[in-house]
Amino acid sequence: MLKRLVLPPNRSCQDAQTIETEGTVVIIGANGSGKSRLGAWIDTSSNQNGRIVHRIAAQRALTLPDTAILKSYDDALMDLLYGNALYPDKIRQRWQSRYTTGLLNDYDKVLSVLFATEAKRNAEYVELARGSDTKPDIPVSPMDTLLTIWRDLLPHRTLILRDAKVSVVDNTGNIYHGREMSDGERVALYLMAQCLCAPPDAILVIDEPEIHLHRALMSRLWTSLEQARDDCLFVYITHDLEFAASRSNSTKIWVKSYSHGEQWDWEIVPDVDNLPESIVLEILGSRKQILFVEGTKDSLDYIIYSALYPDCTVIPRGSCVKVIESTKAMRDNPRLHHLQAYGIIDRDFRSQEELDALSHHGILYLDVAEIENIFCVPEVISMVAEHLRYDPVKKVAEATDFVVDNLRDEMDSQISSRTIHEIKERLTMLSPKGVGSSNIEQALKKAVSEIDAHVIYSKYEEMYRRAMSSKDLVECLRLYNRKSIVSRISQIFGLKNGEYVKLVLRLLSGPHGRLLRDNLSKYAPLLPS
């Protein structure tokens, strides 16, 4: 079912705009960007085509009353929606004239509605049953739905809603009052009751839906409530990018800024090919240059690049292919041109021609074959030697011999891999003149005939031998494509295998970190300003 939400004017349009969605709406933005004010505007200042707006503020009290006050359904609902059944003024009564920052203290009111709806359902059913010759089906009440969702999410706690009281039975059989529940349990009950007791076809505005909820519970709770109240439009206001990304069937609104006079700068989050929505949200939330790198958030890549590029938002994308795809996708999207994006990849076995071609798309490269090799450059070896009270010159010489000896042992496999890489690269340039199998076959034969594996292999063999004979450590590190070399080099310092990397990382975060970063930066690309 298509749902509509009216939003205020933005920079691109001077009139209020209507957003249409088949799912939910998620309003995202940094702290201070005006998200909560926008939620308050939707609640109190906009005409949502006559639909009732029920907003649940981020600042909400979670103290349960000893006993819910029993009222008629109409009075209880008016009390919840407007703060006072006799004087229904939402701003003054419900929000105490502080409709953006006021503390919402209505746990007693929502419980009154919950019990009132149960009593109303029961009374209507009794009246229906008395006038029927057969036993009619019992309609499902909000309380029934709430208890079903509770059992699914919190099976280790049995919730009892009876005689206007909230009680809980734990897995040992102990019974205690609802006010003794944990923060997470109390907020779960509160949010369930608020959403399930809302009027039909309401717009539910939930500010910071993640507060007090465990991440594993949060997504399941809101999914269950969305399914139970599919007549309502859920509008979430959050700065939690992970929660925002979890609402897959949603229209996402990015709030950039707010200025007094109810002026917001907002836009719909664009779809970007080859970039997951979670990454797009992280990009939009950044005020820095974007730097895509290989690896994950717990990898060496991320640690090093975060240290070398503190003025960038570093986003790990796993493989080099993903780095290339992500950088191109962002730079080619006209809606993201205001954000500068670059990628950094390892040299691996790429030729200089390949690397130059990638640079035109903002994809830069290290001056060593692998990110791990950057810890083996002479400047870093010298710093570690001085830290451990060794002769730096001697240790650089030992490290050079170690790398050269290991490279010599693997020379055939390294050259073969580089040769195969070039052959594959040449075949990707296959471009038949015309369509059809005969044209493809002819183009393939021509491409293969122009590839001389022996010549390519010999070219690289000469390159490797020259680097080894000159004992040029940096040149060897440009060619040597083996991640484990940095772990094995520990032995020249008398360290256990892998301890060398840990030591360098400690130096990076210590008092010598600045000098170490300067030395590492010599082998990392300079980002255009």
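This is a predicted model: local features need pLDDT of at least 70, side-chain atom pairs count only at pLDDT 80 or more; totals for chains, interfaces and linings use all residues.

1. The buried residues of helix H12 are covered by elements that include helix H11 (320-332), strand E14 (341-345), strand E15 (363-365) and H15.

2. Which residues of H12 are buried? They are Glu354, Leu355 and Leu358. Viewed down the axis of H12, these buried residues fall within an arc of 95°, so they line one face of the helix.

3. H12 (352-359) also contributes to the largest pocket, as one of the elements that give two or more residues to its lining; the others are helix H15 (411-427) and helix H16 (437-449).

4. The volume of the largest pocket is about 530 Å³. Its lining comprises 22 residues, of which Arg426, Met429, Leu430, Ala447 and Glu450 are the closest to the centre. By class, the lining divides into nine nonpolar, five polar and eight charged residues.

5. The second largest pocket holds about 330 Å³ of space. Among its 18 lining residues, those closest to the centre are Tyr73, Thr117, Val140, Pro142 and Leu196. At least two lining residues come from each of helix H4 (107-130) and helix H5 (142-153), and H4 gives the most, with four residues. The lining of this pocket consists of 10 nonpolar, three polar and five charged residues.

6. How many cavities of 30 Å³ or more does the structure hold? There is one. The largest cavity has a volume of about 40 Å³, and the residues that line it include Leu64, Pro65, Leu111, Phe115, Lys165 and His177. H4 and strand E6 (165-169) are the elements that give two or more residues to this lining. H4 therefore deserves attention in both places, since the second largest pocket draws four lining residues from H4 under the assignment of helices by DSSP runs. Seven nonpolar, two polar and two charged residues make up the lining of the largest cavity.

7. The largest nonpolar core has 82 residues, and Met192, Trp222 and Phe292 touch the most other members. Helix H6 (residues 183-196) supplies the largest share of this core, nine residues. Another core, of 62 residues, lies apart from it and includes Leu366, Val377, Ala399 and Leu503. In soluble globular proteins, nonpolar side chains tend to be buried together.

Technical notes. Residues are numbered from 1 along each chain as its sequence is written. Side-chain values use heavy atoms; hydrogens and water are left out. A nonpolar core is a set of buried Ala, Val, Leu, Ile, Met, Phe, Trp, Tyr and Cys residues joined through side-chain atoms within 4.5 Å. Buried means under 20% relative accessible area, exposed over 50%, partly exposed in between (1.4 Å probe, protein chains only). On a 1 Å grid over the protein atoms alone, a cavity is a set of points where a 1.4 Å probe fits but cannot get out, and a pocket is an open set with protein on both sides within 12 Å along at least five of seven lines; lining residues have an atom within 4 Å of a point. Grid points are joined across faces, edges and corners, and a volume is the space filled by probe spheres set on the points. Ala, Val, Leu, Ile, Met, Phe, Trp, Tyr, Cys and Pro count as nonpolar, Asp, Glu, Lys and Arg as charged, and the others, Gly among them, as polar. The arc is that of the directions from the helix axis to the C-beta atoms. Contact means heavy atoms within 4.5 Å.
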